Amino acid sequence: MTDPRSRRKILPPVGTITRGTTGVNRLRRCDRWLVNDELVTTRLRDAPDPLVVDLGYGAAPWTTFELAARLRTVRPDLRVVGLEIDPARVVPGRDGVRFARGGFELAGLHPVLVRAFNVLRQYPEDAVPDAWSRIQGNLAPGGLLVDGTCDELGRRSAWVLLDRHRPLSLTLAWDPFTVERPSDIAERLPKVLIHRNIPGERVHTLLTAADQCWDRTAALAPYGPRVRWREAARMLRANGFPVRAYRRRMRDCVLSVPWPTVAPNGWSDPG
């Protein structure tokens, strides 16, 4: 019998070829968050077709294989497809992961989760809404998109989580032992926010408040940066910032807030 997926209309890739920088374990902080986030894991477990797309995996597919291995701890029968707009980067599949050429149109696929890391960083800010819209329009019902950025070693990461209609949250995660203060993550904010870290913008207000709380917890420095950050995050919540509280101890320092807390000035959600 012919696989119905083989009859899927082949769409021209949408997007431009990026630098393709990648590295083993570079996206571990986002992956770690994905397998522990209740909304993400619920959507994966409930999906009739647990298809995940890793969009723009770069010059080598190491992080796609890592994503598949980590998410399969949540849903063992999960399918993963890595998409790259550069045909020279499309490699043979293995370990239950396949690769294809594709861009923001997702090659006609309708996944329940898309991870797009270090892709939009190389685009202009005004290209973000259209790119998001194209991806969102191809998500499966209940599907989610993670648009993020990290440094070359993955020590500083930031990502926006979106559903099919709007952004839901911003999360920052960093190595507690290589980052001096929360605002250091500003250089790795997603493209939609990277130019908004200026006075008067919500993300600047959040990062400034995070630094102030961090400074006020200096007495806890001898107990390590994780203990110090937990207290700083508690102070942020006490000051009215809806910082997510995690039940489990996190290996990283993590700052996660609802999207309205950091939405750029003039931002309006559809509907």
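1. Asp211 and Arg181 form a salt bridge, with their closest N and O atoms 3.4 Å apart. (A salt bridge is a side-chain nitrogen of Lys or Arg within 4 Å of a carboxyl oxygen of Asp or Glu.) The pair links distant parts of the chain: Asp211 sits in helix 6, Arg181 in the loop between strand 7 and helix 5, 30 residues apart. Asp211 counts as buried at 10% relative accessibility. Arg181, at 29%, counts as partly exposed. (Buried means under 20% relative accessible area, exposed over 50%, partly exposed in between, with a 1.4 Å probe and protein chains only.)

2. A word on the basis. This is a predicted model: local features need pLDDT of at least 70 and side-chain atom pairs count only at pLDDT 80 or more, while totals for chains, interfaces and linings use all residues. Residues are numbered from 1 along each chain as its sequence is written, and side-chain values use heavy atoms, leaving out hydrogens and water.

3. The structure holds 21 salt bridges. Arg115 meets Asp31 in one of them (2.7 Å, N to O). Arg115 lies in strand 4 and Asp31 in helix 1, so this pair ties together parts 84 residues apart in sequence. Arg115 also meets Asp54 (2.9 Å, N to O). Asp54 belongs to strand 1, 61 residues from Arg115. Arg115 and Asp31 are both buried, and so is Asp54.

4. Strand 1 covers residues 51-55; five of its five residues are buried, so it is largely enclosed by the rest of the structure. (Helices, H or I of at least four residues, and strands, E of at least two, are DSSP runs numbered from the N terminus.) Leu51, Val53 and Leu55 point one way, Val52 and Asp54 the other. Five bridges join strand 1 to strand 2, and the two run parallel. Strand 4 pairs with strand 1 in the parallel sense too, over four bridges. (Two strands pair if DSSP finds at least two bridges between them.)

5. Helix 6 spans residues 202-216. Its buried residues include Val203, Leu206 and Trp214. Among the elements covering them are strand 7 and helix 7.

6. The largest nonpolar core has 54 residues, and Leu55, Trp132 and Trp229 are among those with the most contacts inside it. Helix 6 gives the most to this core, with seven residues. (A nonpolar core is a set of buried Ala, Val, Leu, Ile, Met, Phe, Trp, Tyr and Cys residues joined through side-chain atoms within 4.5 Å.)

Methods:
The expected span of a helix is 1.5 Å times one less than its number of residues. Contact means heavy atoms within 4.5 Å.
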